Amino acid sequence: MKTFNYVITDELGIHARPAGLLVKEAKKFESSIKITVGEKTVDAKGIMGVMQLAAKQGDEITLSVEGADEDAAMASIEAFLKNNL
């Protein structure tokens, strides 16, 4: 399992558009991808869960990736976060 911490820099946080793009990116991989904010952990492949996190600017999120393609999935999601959030 791989983990990565990231602080949201987008002034709007994880709102509808980037949440949808994040889910789309996560669905490209076979691995299980979880996002944690505070006490909430959700599946990154479900739009409703990602939206329910209500991650705001300055919030630290933790990504956990586990599976056959975890290296590629982690690299891709990490790049997505840095470029979009």
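This is a short tour of the structure, stop by stop, with what to select at each one.

**Whole chain**

Start with everything in view. The model is predicted. Colour by secondary structure: there are 3 helices and 4 strands. Along the sequence they run β-α-β-β-α-β-α. The radius of gyration is 11 Å, close to the 12 Å that the globule rule gives for 85 residues, so the protein is as compact as a globular protein of that length. Along the principal axes, the C-alpha trace spans about 35 × 25 × 20 Å.

Of the 85 residues, 42% count as buried. Then turn to contacts with a separation of 6 or more: residues 24 or more positions apart account for 70% of them.

**The nonpolar core**

Hide the surface and show the nonpolar side chains. The largest nonpolar core has 26 residues. Which of its residues touch the most other members? Select I33, I35, I61 and L81. Two or more residues come from each of β1, α1, β2, β4 and α3. The largest share, 5 residues, is given by α3.

Centre on I35. Leave out residues up to four places away in sequence, and I35 touches L22, K40, T41, V42, A44, V50, L53, I61, T62 and L63. I61, one of these contacts, is also among the residues that touch the most other core members.

**Helix α3**

Select residues 70-84, which form helix α3. Check the length of the helix. At 1.5 Å a residue, the 15 residues of α3 should span 21 Å, and the end C-alpha atoms are 21 Å apart, which agrees.

Next, pick out the buried positions on α3: E70, A73, M74, S76, I77, F80 and L81. What do they pack against? Show β1, α1 (16-26), β2 (32-37) and β4 (60-66) to see the partners of these buried residues.

Take E70 first. E70 sits in helix α3 and counts as buried at 16% relative accessibility. With residues up to four places away in sequence set aside, E70 touches M1, K2, S31 and V65. Draw a distance from the C-alpha atom of E70 to that of S32: the two are 38 residues apart along the chain and separated by 8.1 Å.

Now S76, also placed in helix α3. S76 counts as buried, with 17% relative accessibility. Beyond its neighbours within four places in sequence, S76 is in contact with E25 and F29.

**Salt bridges**

Show the charged side chains. How many salt bridges does the structure hold? There are 3.

Go to K2 and D71. Their closest N and O atoms are 3.1 Å apart, and the pair forms a salt bridge. K2 lies in strand β1 (residues 2-7) and D71 in helix α3, so this bridge ties together parts that are 69 residues apart in sequence. Is each end buried or exposed? K2 is partly exposed, with a relative accessible area of 33%. D71 counts as exposed at 51%. K2 is also one of the residues that E70 touches.

Move to E25 and K28. Their side chains meet in a salt bridge at 3.0 Å, N to O. The two ends contrast: E25 is buried, with a relative accessible area of 15%, whereas K28 is exposed, with 56%.

Return to α3 for E78 and K82. Here the side chains meet in a salt bridge at 3.1 Å, N to O. Both residues lie in helix α3, 4 residues apart, about one turn of the helix. An α-helix has 3.6 residues a turn, so residues three or four places apart point the same way. E78 counts as partly exposed, at 23% relative accessibility.

**The aromatic pair**

Finish with the rings. A search of the whole structure finds 1 aromatic pair. Select F4 and Y6: this pair is stacked, with 6.2 Å centre to centre and 25 degrees between the planes. Planes count as stacked when they are under 30 degrees apart. Are F4 and Y6 buried or exposed? F4 is buried, and Y6 is buried too.

Note on methods
Residues numbered from 1 in each chain as written. Predicted model: local features only at pLDDT ≥ 70, side-chain atom pairs only at ≥ 80, totals over all residues. Heavy atoms only, no water. Phe/Tyr/Trp six-rings, centres within 6.5 Å; stacked < 30°, edge-to-face > 60°. Buried < 20%, exposed > 50% of the residue type's maximum accessible area, 1.4 Å probe, protein only. Salt bridge = Lys/Arg side-chain N within 4 Å of Asp/Glu carboxyl O. Expected span 1.5 Å × (residues − 1). Contact = heavy atoms within 4.5 Å. Core = buried A, V, L, I, M, F, W, Y, C linked by side-chain atoms within 4.5 Å. Rg over C-alpha atoms; globule rule 2.2 N^0.38 Å.
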